[in-house]
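User: I would like to learn how to read the nonpolar core and the helix packing of a model. Could you take me through them step by step?

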Amino acid sequence: MASKAILQGLNQTMRAVLWSGIPFNLTVVDVPIPTLQAATDARIRMTAAGICGGDLHIYHGSFGSTTPPWVLGHEGVGIVESIEYVVVPFADHSVWKIPEADAGNVAKDLDYLMTADMFATGWTALDFSGFEAGDTVAVFGAGPVGLLAAYSAVLRGASRVYVVDYIPHRLQLAQSIGAIPISLNQTDEGPVEQILRLEPGGVVRSLDCVGYEAVNRNLEAQADRVILDMIAVTAMRGGLGVVGLYNSPDATAGTPLGDVVPRNMNFPIADFFQKGLSMRAGAVDAKLNAPYLTQLVESGKARPGFVVSSVIDIEDAPEYYSRYSQYLESKIVIRFQ
């Protein structure tokens, strides 16, 4: 549903959000309209694109290619045309179709947009944990992936879903979909104690939707905090799913702050072993679940676009990247004319 543009070719230009290797700084510039490079490519005229948490890692200077500049964006919906905007390599295997009846449905394309990354990642986090209907679930992190992991758990028949975060508007969204909000720092108890008071034996599944940018109750950076809490709160023979990003880049022109990302962390292997826990982690291939999730959106059974807090013009992208980075937004979508 989306891909980075290949910036080669035509004399015509388009507007794009450009990362130049300066942390917390983006520009909107004219770049060449991309051209087809192979018979298996498709050229897409974008109608909407999401700003992803992964894009924020780039914005923060800790993730991405080592050789800037490049155009940001990997999550979008659009129309396959013989002209402009985004070239998708191997399109037969990396683009899926919005149902004809919903083509041009401006309200519903936000729901379809979420299948390109956020919804698919949240859904897969449950798969990683070994989730089964009736399980109890704790989701750490209520960004769009965490919210859609909780939403997926509700859709798939979880008996109870807990969502841990410290941002009030995120916790309110979690509560609005039927999850139980757990504040990281606004009570005398930590999240583990709060959940165990309600689930004395622990939850069956725990999901890490934060990654290396985790913080502790004092809101200080502590990369292992979520992993420690997940192991503490998960029941005997339970499962952990990790989709929050962990990486270890060097400091380069493209990742100037890469060397501040922790490469190692504490892992309580004895507790993990004695509880008989299992864990799966890694990047998510959205294509594996996207066709099924598209069907859920088409039928009206899923409306994942509820996470979108602002729809903006591309010229406003630098301002809204900053807002997103400050947790003032839950999810931002750029709408193209």
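User: How many residues does the largest nonpolar core have, and which have the most contacts inside it?

Analyst: In soluble globular proteins, nonpolar side chains tend to be buried together. A nonpolar core is a set of buried Ala, Val, Leu, Ile, Met, Phe, Trp, Tyr and Cys residues joined through side-chain atoms within 4.5 Å, where buried means under 20% relative accessible area with a 1.4 Å probe, protein chains only. Here the largest has 47 residues, and Met114, Phe119, Val137, Val139, Val161, Val163 and Leu207 have the most contacts inside it. Elements giving two or more residues to this core include α4, β7 (136-140) and α5. This is a predicted model, in which local features need pLDDT of at least 70 and side-chain atom pairs count only at pLDDT 80 or more, while totals for chains, interfaces and linings use all residues. Residues are numbered from 1 along each chain as its sequence is written, and side-chain values use heavy atoms, with hydrogens and water left out.

User: Is Ala150 buried or exposed, and what does Ala150 touch?

Analyst: Ala150, in helix α5, counts as buried because its relative accessibility is 0%. Not counting residues up to four places away in sequence, Ala150 touches Val139, Val161, Val163 and Ile177, contact being heavy atoms within 4.5 Å.

User: At what angle do α4 and α5 pack?

Analyst: Axes are lines fitted to C-alpha atoms over the stretch in contact, and angles run from 0 to 180 degrees between N-to-C directions. Helix α4 (residues 118-129) and helix α5 (residues 144-155) pack at about 60 degrees, with axes 7 Å apart.

Note on methods. Helices (H or I, at least four residues) and strands (E, at least two) are DSSP runs, numbered from the N terminus. Buried means under 20% relative accessible area, exposed over 50%, partly exposed in between (1.4 Å probe, protein chains only).
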